[in-house]
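Hi everyone, thanks for coming.

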Amino acid sequence: MKILLLGSTGMVGTALSLVAKNRNIECIELGHSDLDIKDPMQVEAAFKRYQPTVVFNSVAIIGDRICEPDPVKTFQINAIPVSHIAKMCENSGAILIQPS
């Protein structure tokens, strides 16, 4: 199993990274400084480079105080990229894990 972990520097990503390391699971960790999730070309390049069997997307904007004032930005981070990632997983045969 090879996990491509998107959002590795957040709370969920950090926890998953630790679990993967403790269990000797190969985990490629990409944070926001490594990958612009809003750019489908960058995401596609990561798929081609790492060829994951599992993609765990922990990227999200959360909290009413952040999301409600800027719903467009929230949609650009929380919704649109997920559809691109899902299509890439379908095309490559990778499993997508998308926590809510």
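So, at what angle do helix H2 and helix H5 pack, and how far apart are their axes? Before I answer, a bit of housekeeping. This is a predicted model, where local features need pLDDT of at least 70 and side-chain atom pairs count only at pLDDT 80 or more, while totals for chains, interfaces and linings use all residues. Residues are numbered from 1 along each chain as its sequence is written, and side-chain values use heavy atoms, with hydrogens and water left out.

Okay, the answer: H2 (residues 40-50) and H5 (residues 80-92) pack at about 30°, and their axes are 10 Å apart. That makes the two helices roughly parallel, a label for angles under 35 degrees, with over 145 being roughly antiparallel, 65 to 115 roughly perpendicular and the rest oblique. Axes here are lines fitted to C-alpha atoms, for helices over the stretch in contact, and angles run from 0 to 180 degrees between N-to-C directions. The helices (H or I, at least four residues) and strands (E, at least two) are DSSP runs, numbered from the N terminus.

Who does the touching? On the H2 side we have Pro40, Val43, Glu44 and Phe47, and on the H5 side His84, Ile85, Met88, Cys89 and Ser92. Contact just means heavy atoms within 4.5 Å. Pro40 sits in H2, and leaving out residues up to four places away in sequence, Pro40 touches His84 and Met88. Pro40 counts as partly exposed because its relative accessibility is 30%; buried would be under 20%, exposed over 50%, and partly exposed is in between (1.4 Å probe, protein chains only).

Now look at H4 and H5. Their axes come within 3 Å and cross at roughly 15°, so this pair is roughly parallel too. Phe75, Gln76, Ile77 and Asn78 of H4 meet Ile80, Pro81 and Val82 of H5.

While we're on H4, which covers residues 71-78, find Thr74 in that helix. Is Thr74 buried or exposed? Thr74 is buried, with a relative accessible area of 12%.

On to the cores. A nonpolar core is a set of buried Ala, Val, Leu, Ile, Met, Phe, Trp, Tyr and Cys residues joined through side-chain atoms within 4.5 Å. The largest one has 15 residues, and those touching the most other members are Leu4, Leu6, Leu30, Val43, Phe47, Val55 and Ile85. Strand S1 (2-6), strand S2 (26-30), H2 and H5 are the elements giving two or more residues to this core, and H2 gives the most, with four. Apart from it there's another core, of seven residues, including Leu16, Ala20, Cys27 and Phe56.

Asn24 has a positive phi of about 55° although it isn't a glycine, and Asn24 lies in the loop between helix H1 (11-22) and S2. With 73% relative accessibility, Asn24 counts as exposed. Gln51 isn't a glycine either, and its phi is positive at about 45°. You'll find Gln51 in the loop between H2 and strand S3 (54-57), and Gln51 is exposed, with a relative accessible area of 58%.
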